[in-house]
Amino acid sequence: MHMLMEFKRLRRSAVAHDGKLPLGLAGFVVCLGLACPAAAYGAIFQKLYHDPWGIERGEVPNRIGHPWTRLPRDLPQARVPKATATAPKFKNLWSLTQYALAHNPQSREAYANLQAAAAGLGVADAAYLPTLSLQSTAARSEANTTAGFSIPVQNNDSTNLTFSYILLEFGERRAARAQALAQIYLNGFDYNAALQSVALTVTKAYYTLIGEEALVRAYERTVAEDRASLDAAKIKRHAGMATVADVLQAQSALAQARANLLSAQAQVQSDRGALAVSCGLAPTAKIVVPPLHTHAQPPTLAPGLHRLMAQALRNNPSIRAAAANVLESQASVRADEAAGMPTLSFQASGGKRFQNGLLPSENWSIGVSLKVPLFTGFQDSYRISEARAQERSSQASLDNEAATIRSTVYQDAQQLAGARTAAQAARLAVASARASLAAVQAQYKVGLATMIDVLTAQATLTTAEQTEIQDLTTSYTDLANLADALGYIALPQALDTGAGPEKEMQP
């Protein structure tokens, strides 16, 4: 309504000027008079029909809190590994890790990202080459005039070939290539980090499984010992040398040992499924691994902590990826600075035009083009400031990552040394408990010890064996964590020889 009143006011003021409307003003008033009602009607129409295709009704739930229930048919399906009864035979942890690195989805994802980054470098290199484009248009047009006659139908067909090449620019292409190369570095180190993550997961699952299998064997020995104790108590009771309490105590100990055995066997199946999934297999795959040898120990830490920290700063892929991110941010600064500089290009084009059966007309051009950005609303200045701030942020992130890795190496080294010492002490405790049990069993046969003494000695031996297995598997897990912080993709044979992942630490 306000716009219509304004239109009438303009019309009255224009008529008052010599009683005539100037041609330009008259056209403007007519256009304004048509546009105002059209805009008003258009606004009303959009309010009445804000969703003419019913997209909101079909894509959005009726009320907040209701779930989105649409199931698109074009969603890609996940590649679920097939359930296999048997898995490939693995001789050791190294062969198991190699299989996992090639089949785990995390490895495939990081590898595809690295391939994409390599293609990005090709895109950056393409900016150094000329461009050649072909454009062809065909049109048929007709127009009527207000004088009452029509212009004949026009048939136009034109084809143009254009060649363009950048002759001079102030480092923009070079900076773009540096950015693409930094992305390759970044994705390459991320790929190595993904391999490390897969290897670490497999190693932990491997030692968890063989440790639990060792506990199963320890519980089986406990069940056998408790069964023998129960048989001995029954024999002595029939001979009048023991009471029914001895038999009941032996039965209770045997029942508890059987319960512990069943629980450990169920945990073995769960751990085997976790190991299969980390290898890219179905959780039902039956993976057979070599047993845990309790007489073996992880390698000692020959080099000092400072050498280990320096090695981590050189080889850890997370630190190197953070450094590559610094390179990428530095190249971004150079690219933003070059974006505000002049650009000189060479261009050449040629083509033909056909119109209504006439002879074709030819056109061509050749020349150079100079582009000089004069003012962009301070966009370039703010982009450069943003890029420099991101560069400082990347450098700070690199420093933080280095500090984190140094702390991780220190803590993992201390935990490994402690777990290794605890495993050695646990081995001595197992030998002592086994000798004590043999002595108490011999005393029980001749009546110098009670059933409580036998069961106590058996429980002491079981606890000592559990502690030895846990300390030993913990030491290998701590070694795996330390190797991951140092940049290894599998357990090294020794940390002081520079051995790579091809030399596996045998359990």
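**Entry 1: the overall picture**

How many helices and strands does the secondary structure of the protein come to? I looked that up before anything else. I get 11 helices and four strands. A reminder to myself: this is a predicted model.

Next I checked burial. Of the 507 residues in the protein, 34% are buried. The accessible surface comes to about 30800 Å², and carbon and sulfur atoms own 59% of that.

I also looked at contacts along the chain. Taking contacts between residues at least 6 apart in sequence, I find that 76% join residues at least 24 apart.

**Entry 2: helix α7**

I picked α7, which covers residues 244-278 and has 35 residues. From its first C-alpha to its last, α7 reaches 51 Å. That is close to the 51 Å expected at 1.5 Å a residue. After α7 comes Gly280, and its phi is positive, near 85°.

**Entry 3: strands β3 and β4**

Which way do β3 and β4 run, parallel or antiparallel? They run antiparallel, and 11 bridges join them. For one example of a bridge, I noted Ser349, whose partner in β4 is Ser365.

Then I asked myself how many of the 11 residues in β4 are buried. The count is zero, so I wrote down that β4 (residues 361-371) is hardly covered, with buried meaning under 20% relative accessible area.

I moved on to the loop between β4 and α10, where Phe378 lies. Its phi is near 65°, which is positive even though this residue is not a glycine. I flagged it since most residues other than glycine have a negative phi. Phe378 counts as exposed because its relative accessibility is 53%, and the cut-off for exposed is over 50%.

**Entry 4: the nonpolar cores**

Which residues of the largest nonpolar core touch the most other members? They are Leu96, Val202, Tyr206, Leu275, Ile287 and Val409, out of 76 residues in that core. The elements that give two or more residues to this core are α4, α6, α7, α8, α9, α10 and α11. The biggest giver is α6, with 17 residues.

I zoomed in on Ile287. Skipping its neighbours within four places in sequence, Ile287 is in contact with Ala87, Phe90, Leu96, Arg272, Leu275, Ala276 and Leu281.

**Entry 5: salt bridges**

How many salt bridges does the structure hold? I count eight. I went through some of them.

- Asp125 and Arg177 meet through their side chains at 2.5 Å, N to O. Asp125 sits in helix α5 and Arg177 in helix α6, 52 residues apart, and the pair links distant parts of the chain. Asp125 counts as partly exposed because its relative accessibility is 29%, and Arg177 gets the same label at 31%.
- Glu169 and Arg173 form a salt bridge at 2.9 Å, N to O. Are these two buried or exposed? Glu169 has 13% relative accessibility, so it counts as buried. Arg173 is buried as well, with a relative accessible area of 12%.
- Arg388 and Glu337 have a salt bridge at 2.8 Å, N to O. Arg388 lies in helix α10 and Glu337 in helix α9, so this pair ties together parts that are 51 residues apart in sequence. Arg388 is partly exposed at 41%, and Glu337 is partly exposed at 34%.
- Arg221, Arg434 and Glu465 are linked in a network of salt bridges.

**Entry 6: Gln414**

Where is Gln414 found? It is in helix α10. Gln414 counts as partly exposed because its relative accessibility is 40%. I also checked how far Gln414 is from Asp478, which is 64 residues away along the chain. Their C-alpha atoms are separated by 9.2 Å.

Notes:
Residues numbered from 1 in each chain as written. Predicted model: local features only at pLDDT ≥ 70, side-chain atom pairs only at ≥ 80, totals over all residues. Heavy atoms only, no water. Expected span 1.5 Å × (residues − 1). Buried < 20%, exposed > 50% of the residue type's maximum accessible area, 1.4 Å probe, protein only. Pairing = 2+ DSSP bridges. Core = buried A, V, L, I, M, F, W, Y, C linked by side-chain atoms within 4.5 Å. Contact = heavy atoms within 4.5 Å. Areas by Shrake-Rupley, 256 points an atom, 1.4 Å probe, with all protein chains shown as cover. Salt bridge = Lys/Arg side-chain N within 4 Å of Asp/Glu carboxyl O.
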